[in-house]
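Hi,

Here is the structure I promised to pass on. Have a look at it first, and then read my notes below.

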Amino acid sequence: MWRNRSFQVWLASVLAILLASEMAITNALLKRCYQCRSRSELGSCKDPFLFNATQVENERGVSAVPCASGWCGKLIEGMGSFREDDYDMATQRMCVQRGPSDSEDRCAYTVYNHKKVYMCFCQGDLCNGAAGLDASVFRWAALLVLLPVSLPWFTSCESFFS
């Protein structure tokens, strides 16, 4: 029983450390953005964006690139009806040199290269992909579930650590 419980404590500790270190590296050192461009139904850059960081390695014309500013963008041009079959519509995902002056994530109509476009800015690793939760949210959730589950093991093995 003692060996099994100490192994459980060790395993929970290792998992917590790995999750925390991965989050620190992902959130602090390396920010990446999806980079691609496609028109209407052609290409893989359009919404819904169906790829994650590992899948883009195998997709032609789509990549995850390092971004020094940490700000990613998504630009939709072709201000027609925004129908999916609108050939004039193009979607581009990229790293931007700097984000909005107030450092807030946002989407808005703006003028870019003398054209009216819809542009979104976000700050974070691969944030310009699909809308919704990104992988870091799931890592935090796993850590929050793991810690309370492992807490009884830590308290019951108090004599083991003394």
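Before the notes, one cut-off: a residue counts as buried when its relative accessible area is under 20%. Please also keep in mind that this is a predicted model.

Let me start with F49. Where does F49 sit? It lies in the loop that links β1 (32–39) with β2 (63–66). Is F49 buried or exposed? With a relative accessible area of 4%, F49 falls under the 20% cut-off, so it is buried. Along the chain, F49 and N128 are 79 residues apart, while 9.2 Å separates their C-alpha atoms.

Next, the strands. Strand β4 (residues 90–95) has two partners to look at, β1 and β3:

- β1 and β4 run antiparallel and are joined by four bridges. Here C36 stands opposite R93 of β4.
- β3 (residues 71–77) and β4 also run antiparallel, with six bridges between them. C72 has C95 in β4 as its bridge partner.

How many of the six residues of β4 are buried? Five are, so this strand is largely enclosed by the rest of the structure.

Finally, a residue from β3. I76 belongs to that strand, and its relative accessible area of 11% is under 20%, so I76 is buried too. The C-alpha atoms of I76 and A90 are separated by 5.7 Å, with the two residues 14 apart along the chain.

I hope this helps you find your way around the model.

Best wishes

Definitions and conventions. Residues are numbered from 1 along each chain as its sequence is written. This is a predicted model: local features need pLDDT of at least 70, side-chain atom pairs count only at pLDDT 80 or more; totals for chains, interfaces and linings use all residues. Side-chain values use heavy atoms; hydrogens and water are left out. Helices (H or I, at least four residues) and strands (E, at least two) are DSSP runs, numbered from the N terminus. Buried means under 20% relative accessible area, exposed over 50%, partly exposed in between (1.4 Å probe, protein chains only). Two strands pair if DSSP finds at least two bridges between them.
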